[in-house]
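Look over the sequence and the fold below.

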Amino acid sequence: TSDVKTITITGAAGQIGYATAFRAAAGAIYGANTRVRLNLLEIPEAAQAAAGVAMELTDSAFPLLSEVNTFDDPNTAFEGASVGLLIGARPRTKGMERADLLAANGQIFGPQGAAINDHAADDIRVVVVGNPANTNALIAAKHAPDVPAERFTALMRLDHNRGLGQLATKTGSAVNDIEKFAVWGNHSASQFPDLAHTLIGGTPALELVSEDWYRETFIPTVANRGAEIIQIRGGSSVASAASSALDHMRDWINGTGERWVSMGVPSDGSYGVPEGLICGFPVTCTNGEYTIVPDLDMSPFACDRLDVSVNELREEREAVRDAGLI
Ligand code: NAX
């Protein structure tokens, strides 16, 4: 029935997919008053594992979960979907060039974009988690000409949440006391976690931490956190990525009020970022729509940092254009 929202999760038998599905079934996106249907998409080789995930979801008896189904065809998996969590991707394997990686992912995100175009609900909202997330989102959007491009976004929220965690720890504050933090650019080591506007309990963050800590410790720690987790935990980020993807979607749908969050969204030309590139920006969300925070002062340092990351995004876009993927 129409009061049940369909959430399609790709890569549902993978690590992040597994961590995401249970919280989505428990109401992490739409809240406690909306029933959800989970459509789990996997490749045929992982279909059986996905069926096992569906069994466990059933076994959890989530009151909000109306049904769970598994698919190996994106066309059926996105039927009626209001939310697409695009997690499954082709990882970079040893010796793989970036062009090969982009091409392999083009084979995944192109058909998924087309399936969304043809089958998803009118209110479809997509977040791409699978890397390279920003450019994969661009590929999907280009294959969905009938869906407004702004419905295709990339996950920057894990980077955002990592920054909040570092800053709260350093200053002995609560994450909730931190306002106006943002991560700009690409979800990669070139990203720019920006403290210039940040307030902690109303005090500028840069009055509480040194410029040196900000530039030499904070920025590289946040930007390289994924690699650090792999080294220390012995595996890549999973539950934190799932949690952040759910935060992204919940806030987009339910709103943030005045609070800033970071989302990878198609540039409207703001801050000199070429139009259409899917770039991390500070945004606020109201009535199911996000708005890039306008008119921020950008220091020469901030402009330089953003430029580096935007150039990387531009190169990725050129590479997928050259490969005929968009
Ligand atoms: P896993 O390898 O555990 O799971 C990926 C799953 O996707 C596998 O089960 C695979 O069968 C499935 N899959 C592959 N192609 C598919 C297709 N065409 N349709 C449906 N399913 C498909 O990886 P996991 O640890 O879950 O990570 C998933 C992705 O998230 C990776 O690309 C990873 O790089 C990316 N990440 C992105 C982050 C972000 O902040 N944007 C952070 C965490 C993570 O590194």
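In what order do the three strands of the open sheet stand? The order is E7-E10-E11, with antiparallel pairing. Strands here are DSSP runs of at least two E residues, helices are runs of at least four H or I residues, and both are numbered from the N terminus. Two strands pair if DSSP finds at least two bridges between them.

This is a predicted model: local features need pLDDT of at least 70, side-chain atom pairs count only at pLDDT 80 or more, and totals for chains, interfaces and linings use all residues. Residues are numbered from 1 along each chain as its sequence is written.

The edge strands are E7 and E11, and each pairs on one side only. E10 is joined to E11 by two bridges.

| E7 | 178-179 |
| E11 | 203-204 |

Now the helices. H4 (residues 98-119) packs with H11 (residues 300-322) at about 65°, and their axes are 10 Å apart. Axes are lines fitted to C-alpha atoms over the stretch in contact, and angles run from 0 to 180 degrees between N-to-C directions. H4 and H11 are therefore roughly perpendicular, a term for angles of 65 to 115 degrees. H4 gives Arg98, Ala99, Leu102 and Gly106 to the contact, and H11 gives Glu316, Ala319 and Val320 (C-beta atoms, placed from the backbone, within 7 Å).

UniProt, in an unreviewed entry, places "domain: Lactate/malate dehydrogenase N-terminal" at residues 7-147; such annotations may be inferred rather than shown by experiment. That span is 43% helix and 20% strand, and its end C-alpha atoms lie 17 Å apart.

Terms used. Parallel < 35°, antiparallel > 145°, perpendicular 65-115°, else oblique. Contact = placed C-beta atoms within 7 Å.
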